[in-house]
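Here are my notes on the model you sent.

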Amino acid sequence: MKQLLVVAILIFSSVISADILNCEQSQTVCEAKCKASSLISEQDISTCKAQCLGERTACELEQGKDSAGKLAGQAKDAGQSFMDKMKAFWEGFTNSL
């Protein structure tokens, strides 16, 4: 009965806080669920942990993709600002001749 309660608490808490956990913490919660729910054999635990590792890898790839997208947007904005300044400089320079 205690094991069932622990599993229920882990599942409920992971669903609520899934958005605020980082990838490593999500993997830790996933592996704890594996240990709590896969008491049948060591092979079941290993399979479950491998799935947790796969989920962490996907999580980290998604975070990397988001970061790269943000950096690309910032680089585009900085490049556009630089081009606008160069254009204004060139127009000012040619108008003074």
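1. A helix here is a DSSP run of H or I with at least four residues, and helices are numbered from the N terminus. Under that numbering, Phe93 belongs to helix H3. The model is a predicted one.

2. Overall fold. The chain contains 3 helices and 0 strands. Read from the N terminus, the order of elements is α-α-α. Of the contacts in the chain with a separation of 6 or more, 43% join residues 24 or more positions apart.

3. Burial and surface. The chain has 97 residues, and buried residues make up 11% of them. Its accessible surface is about 7800 Å². Carbon and sulfur atoms supply 63% of that surface.

4. Aromatic pairs. How many aromatic pairs does a search of the whole structure find? The search gives 2. One of them is Phe89 with Phe93, a stacked pair with 6.1 Å from centre to centre and 15° between the planes. The pair counts as stacked because planes under 30 degrees apart are classed that way.

5. Phe89 and Phe93 sit 4 residues apart in helix H3, which covers residues 42-96, so about one helical turn separates them. Phe89 has 53% relative accessibility and therefore counts as exposed. Phe93, with a relative accessible area of 41%, is partly exposed.

6. The tilted pair. Trp90 and Phe93 also form an aromatic pair, with 5.8 Å centre to centre and 35° between the planes. Trp90 is at 52% relative accessibility, so Trp90 counts as exposed.

7. Cluster. Which residues form one aromatic cluster? They are Phe89, Trp90 and Phe93.

8. Nonpolar patch. Phe89, Trp90 and Phe93 are also among the residues of a nonpolar surface patch of about 700 Å². Phe82, Met83 and Met86 contribute to this patch as well.

Methods
Residues are numbered from 1 along each chain as its sequence is written. This is a predicted model: local features need pLDDT of at least 70, side-chain atom pairs count only at pLDDT 80 or more; totals for chains, interfaces and linings use all residues. Side-chain values use heavy atoms; hydrogens and water are left out. Rings of Phe, Tyr and Trp (its six-membered ring) pair if their centres lie within 6.5 Å; planes under 30 degrees apart count as stacked, over 60 as edge-to-face and the rest as tilted. Helices (H or I, at least four residues) and strands (E, at least two) are DSSP runs, numbered from the N terminus. Buried means under 20% relative accessible area, exposed over 50%, partly exposed in between (1.4 Å probe, protein chains only). Contact means heavy atoms within 4.5 Å. Accessible areas come from the Shrake-Rupley method with a 1.4 Å probe; for residues, only the protein chains shown count as cover. Patches are made of residues with over 30% relative accessible area and no salt bridge: like charges are joined within 9 Å, nonpolar side chains (Val, Leu, Ile, Met, Phe, Trp, Tyr) within 5 Å. A salt bridge is a side-chain nitrogen of Lys or Arg within 4 Å of a carboxyl oxygen of Asp or Glu.
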